Amino acid sequence: MVRRVGGIPGSVVAIEAVWDGDTVHGWFVRLPAITTDPAEQSALAFIHWRLAERHLGECAQLDGRHPAAVAAERAGGDLAAHLGVPFHFASPDTPDDEAPRRRP
């Protein structure tokens with residue numbers, strides 16, 4: 001993901017995790033980079049259940065949470081820390097595609 005961030009126009013001011021879903025894949029988490037100048041968001045990753053399970057491993061401590069949320073928190077949080085920007089996940093415990101979004 002670090003390479004993808006390098007190709008984004010504008011200054012990255014945050015990494016966000018956002019719930020999304022459809023009838024084929026169920027709930028998944030999008031990881032966009034939020035930028036200014038231009039003010040927009042650029043997709044970095046889409047984390048689906050199976051991808052999250054592979055990333056986290058069989059022994060992952062989920063504590064009843066959706067695997068995509070746990071994987072998104074780890075990947076998004078690590079990337080944000082690496083970039084020195086905030087990480088925002090408004091609804092990490094419950095899938096909610098209407099949770100408040102971060103704005104630049």
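P38 is placed in the loop between β2 and β3 (40-47); helices (H or I, at least four residues) and strands (E, at least two) are DSSP runs, numbered from the N terminus. This is a predicted model, in which local features need pLDDT of at least 70 and side-chain atom pairs count only at pLDDT 80 or more, while totals for chains, interfaces and linings use all residues. Residues are numbered from 1 along each chain as its sequence is written, and side-chain values use heavy atoms, with hydrogens and water left out.

**The loop between β2 and β3**

- D37 is also found in the loop between β2 and β3.
- The peptide bond from D37 to P38 is cis, with omega near 10°.
- D37 has a positive phi of about 50°, although D37 is not a glycine.
- Most residues other than glycine have a negative phi, and most peptide bonds are trans.
- D37 is exposed, with a relative accessible area of 71%; buried means under 20% relative accessible area, exposed over 50%, and partly exposed in between (1.4 Å probe, protein chains only).

**Residue G26**

- G26 lies in strand β2 (residues 26-36) and is partly exposed, at a relative accessible area of 29%.
- Not counting residues up to four places away in sequence, G26 touches D20 and G21; contact means heavy atoms within 4.5 Å.
- The C-alpha atoms of G26 and A43 are separated by 19 Å, and the two residues are 17 residues apart along the chain.

**Residue S91**

- S91 is in the segment after β4 (87-89).
- With a relative accessible area of 11%, S91 is buried.
- A polar atom of the side chain of S91 lies 2.4 Å from the backbone oxygen of T94.
- Leaving aside neighbours within four places in sequence, S91 is in contact with W19, D96 and A99.

**Helices α2 and α3**

- Helix α2 (residues 49-56) and helix α3 (residues 67-83) pack at an angle of about 60°, with their axes 8 Å apart; axes are lines fitted to C-alpha atoms, for helices over the stretch in contact, and angles run from 0 to 180 degrees between N-to-C directions.
- The two helices, α2 and α3, are therefore oblique to each other, since angles under 35 degrees count as roughly parallel, over 145 as roughly antiparallel, 65 to 115 as roughly perpendicular and the rest as oblique.
- W49, A52, E53, H55 and L56 in α2 meet P67, A68, V70, A71 and R74 in α3.
- By class, this contact of α2 with α3 has 7 nonpolar, 1 polar and 2 charged residues (Ala, Val, Leu, Ile, Met, Phe, Trp, Tyr, Cys and Pro count as nonpolar, Asp, Glu, Lys and Arg as charged, and the others, Gly among them, as polar).

Terms used:
A polar contact is a pair of N or O atoms within 3.5 Å; within protein, one must be able to donate a hydrogen and the other to accept it, and residues adjacent in sequence count only if both atoms are side-chain atoms.
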